[in-house]
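Hello,

Here is the structure I promised to pass on to you. Please open it first, and then read my notes below.

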Amino acid sequence: MKVYLDNAATTALDREAIQAMLPYFSEEMGNAQSVHSFGRRAKAAVEQARRQVASLINSDPTEIIFLSGGTEADNLAIRGAALGASGRHIITTRIEHPAVLATCQSLERDGFRVTYLQVDEDGRVKVESVRDAIESDTSLISIMHANNETGALQPIEEIGRVIAQSRASGFEHLRFHTDAVQSVGKMAIDVDRLGVDLLSISAHKFHGPKGVGALYVRKGVRLAKLLYGGHHERDRRPGTENVAGIVGLGKAAELARVEDMTRVRALRDWFESEVSARVPDVKINAVAAERLPNISNITFRRIDGEALLIALDLRGIAASTGSACSSGSVEPSHVLTAMGLSRKDVLASLRFSLSRETTREELDYTLRAIGEIVPHLRLVSEEDGIEMGLPVESRS
Ligand code: PLP
């Protein structure tokens, strides 16, 4: 059996999206900037996708910029807003995706100051900490909507209200960006309700194609350029439009039905309660936070998460750790670390991420595998500890 539980990394491309994209790889090959009929049809397809994406987040189509994905959307939002403003201070959190963190770090090298807000043990940033961090030259606040490792939702709507109050009391230059790469397509999103100026979207996280995304930019928000070239996308993102990709993103946006996720949430909750019932000494991370319906992050104490990941993979089950494996060394997740988990617990944690295609049978198979593998790994690591003469508390 093959079980794919890594949908936070990427999802399967929807069949209807594939069908919608296919003509734009062959007979409808026009460049959307060309004036002839081929170009006009390509342009019409891009504009239809713009309406589909806009309607998913309740924005105006003119506020949607197509680009290459979540990473570029985050870069354009953050560098674009920061370099286009006079303030030199940015606020973000410690649990952002590297697309945000590394972009903020690049601005620090350019002379900006960045405040990285702490989160609580459930991975949530406190609204008051945002309010307290605002300084007279803060130009941008970038806080993710849902965390990619735990699914924890940040109080974006409340933060949006704090920012609106700050603007009303003299901080009118403040801009608010949210990386909504994990939440778009999994829950209802309304840019006005959230009170954001900029919002990042990536197609491949909700059954669209890889390498295409969008940035919502509220009317009137100025952005410095990231790339230089032609006048595409209202002069904000040059480069020939990826017409097929954009059509796929539009179709995925149209298909992203919120009601599907009720079933996914019930399955996820059932999976978590079964893991807790079948395996002793586990902890569901961010369980007290409002979370996305499809992500489950679990610490299996006294095991090596990588070993569990590999053992599951051998049985056809795909999950993930939050660790970034680089040049042979395992870097523990900065998200779980910021939530206060010990290094050992961080390295014993796995993320399971479901999609609307996940079935109960697949989760049942996964539960049985976990129930067999985890006690075995614990036994092996205890035996290793005894062999090495380590005291009980430092084993595993
Ligand atoms: N932001 C978050 C929260 C993500 O989870 C990801 C993808 O893992 C990205 C940004 C980057 O998106 P993309 O893969 O489209 O560049």
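A polar contact here is a pair of N or O atoms within 3.5 Å. By that definition, an N or O atom in the side chain of lysine 205 sits 2.7 Å from an oxygen atom of the ligand. A polar side-chain atom of serine 202 is 2.6 Å from an oxygen atom of the ligand, and for the side chain of histidine 204 the distance from an N or O atom to a ligand oxygen is 2.9 Å. The protein buries 85% of the 390 Å² that the ligand exposes when taken alone (accessible areas by the Shrake-Rupley method with a 1.4 Å probe).

Before going further, please note that this is a predicted model, in which local features need pLDDT of at least 70, side-chain atom pairs count only at pLDDT 80 or more, and totals for chains, interfaces and linings use all residues. Residues are numbered from 1 along each chain as its sequence is written, and side-chain values use heavy atoms, with hydrogens and water left out.

Around the ligand there are 13 residues, and Gly70, Thr71, Asp179, Ser202 and Lys205 are the closest (near means a heavy atom within 4 Å). This shell has eight polar, three charged and two nonpolar residues (Gly counts as polar; Asp, Glu, Lys and Arg as charged; Ala, Val, Leu, Ile, Met, Phe, Trp, Tyr, Cys and Pro as nonpolar). Helix 3, residues 70-83, gives the largest share of the shell, three residues (helices are DSSP runs of H or I with at least four residues, numbered from the N terminus).

As for overall dimensions, the C-alpha atoms fill a box of roughly 75 × 55 × 40 Å along the principal axes.

Best wishes

Technical notes
A polar contact is a pair of N or O atoms within 3.5 Å; within protein, one must be able to donate a hydrogen and the other to accept it, and residues adjacent in sequence count only if both atoms are side-chain atoms. Helices (H or I, at least four residues) and strands (E, at least two) are DSSP runs, numbered from the N terminus.
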